[in-house]
Amino acid sequence: MLSTLRFKVKVFIQINLNFRFDGEKVLLLVESPQDALRLILSGIEVSRINIGSLSFDNSKKMISDTVAVSQRDIQVFQLLHQHEIQLEIRKVSSDNPKDLWQILIDKHLITE
């Protein structure tokens, strides 16, 4: 059965620690790379993160047609990469995934 629930990040972290939810698979939607990192650092196991879109403003650089990153976003993506999390860009599930890490390298925003 598919259910949709909305929680603040700190509430979801507490719920995830409850043994009654062991073994449950969930799709998490977060508003920012920073929220994703908070979940990972709390112990939530994630192997892949899809970045659907990140809005542009003057402090950010466009790296795809739907993703603009700030310096802070890049730092967070580096930390997520260090946790061996696959980072991909896909606006909708039927799109072919693009490797966010490789895009950051190609745009000279990070060095390996």
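Visitor: Start with aspartate 73. Is aspartate 73 buried or exposed?
Guide: Aspartate 73 counts as buried, because its relative accessibility is 4%. Buried means under 20% relative accessible area, exposed over 50%, and partly exposed in between, with a 1.4 Å probe and protein chains only. This is a predicted model, in which local features need pLDDT of at least 70, side-chain atom pairs count only at pLDDT 80 or more, and totals for chains, interfaces and linings use all residues. Residues are numbered from 1 along each chain as its sequence is written, and side-chain values use heavy atoms, with hydrogens and water left out.

Visitor: Where is aspartate 73 found, and what is it in contact with beyond its neighbours within four places in sequence?
Guide: Aspartate 73 is part of helix α3. Helices (H or I, at least four residues) and strands (E, at least two) are DSSP runs, numbered from the N terminus. With neighbours within four places in sequence left aside, aspartate 73 contacts Pro33, Gln34, Leu54, Lys60 and Ala68. Contact means heavy atoms within 4.5 Å.

Visitor: At what angle do α2 and α3 pack?
Guide: Helix α2 (residues 33-41) packs with helix α3 (residues 71-82) at about 30 degrees, and their axes are 9 Å apart. That makes α2 roughly parallel to α3. Axes are lines fitted to C-alpha atoms, for helices over the stretch in contact, and angles run from 0 to 180 degrees between N-to-C directions. Angles under 35 degrees count as roughly parallel, over 145 as roughly antiparallel, 65 to 115 as roughly perpendicular and the rest as oblique.

Visitor: Which residues meet there?
Guide: From α2, Pro33, Gln34, Leu37 and Ile40; from α3, Arg72, Asp73, Val76, Phe77, Leu79 and Leu80. The residues of this contact of α2 with α3 divide into seven nonpolar, one polar and two charged. Here Ala, Val, Leu, Ile, Met, Phe, Trp, Tyr, Cys and Pro count as nonpolar, Asp, Glu, Lys and Arg as charged, and the others, Gly among them, as polar.

Visitor: Which residues in α2 are buried?
Guide: Pro33, Asp35, Ala36, Leu37, Leu39 and Ile40 in α2 are buried. Glycine 43 follows α2 and has a positive phi, near 110 degrees.

Visitor: Which residue other than glycine has a positive phi?
Guide: Histidine 108 is one, with phi near 60 degrees. Histidine 108 sits in the segment after α4 (100-106) and counts as exposed because its relative accessibility is 69%. Glutamate 84 also has a positive phi, of about 60 degrees, and is not a glycine. Glutamate 84 is in the loop between α3 and β4 (86-89). At 70% relative accessibility, glutamate 84 is exposed.

Visitor: Switching topic. What does lysine 98 touch?
Guide: Not counting residues up to four places away in sequence, lysine 98 touches Asp65, Leu87, Glu88, Ile89 and Ile103. Lysine 98 lies in strand β5 (residues 98-99) and, at 42% relative accessibility, counts as partly exposed.

Visitor: And the chain overall, what order do its elements run in?
Guide: From the N terminus on, they run α-α-β-β-β-α-β-β-α, with four helices and five strands in the chain. Of its 112 residues, 33% count as buried.

Visitor: What pLDDT does the chain average?
Guide: The average is 83, and 77% of the residues score at least 70. Over residues 1-5 the pLDDT is below 50, and this stretch has zero contacts in the model beyond near neighbours in sequence. pLDDT is the predictor's confidence in each residue, from 0 to 100. Where pLDDT is low, the predicted coordinates should not be read in detail.
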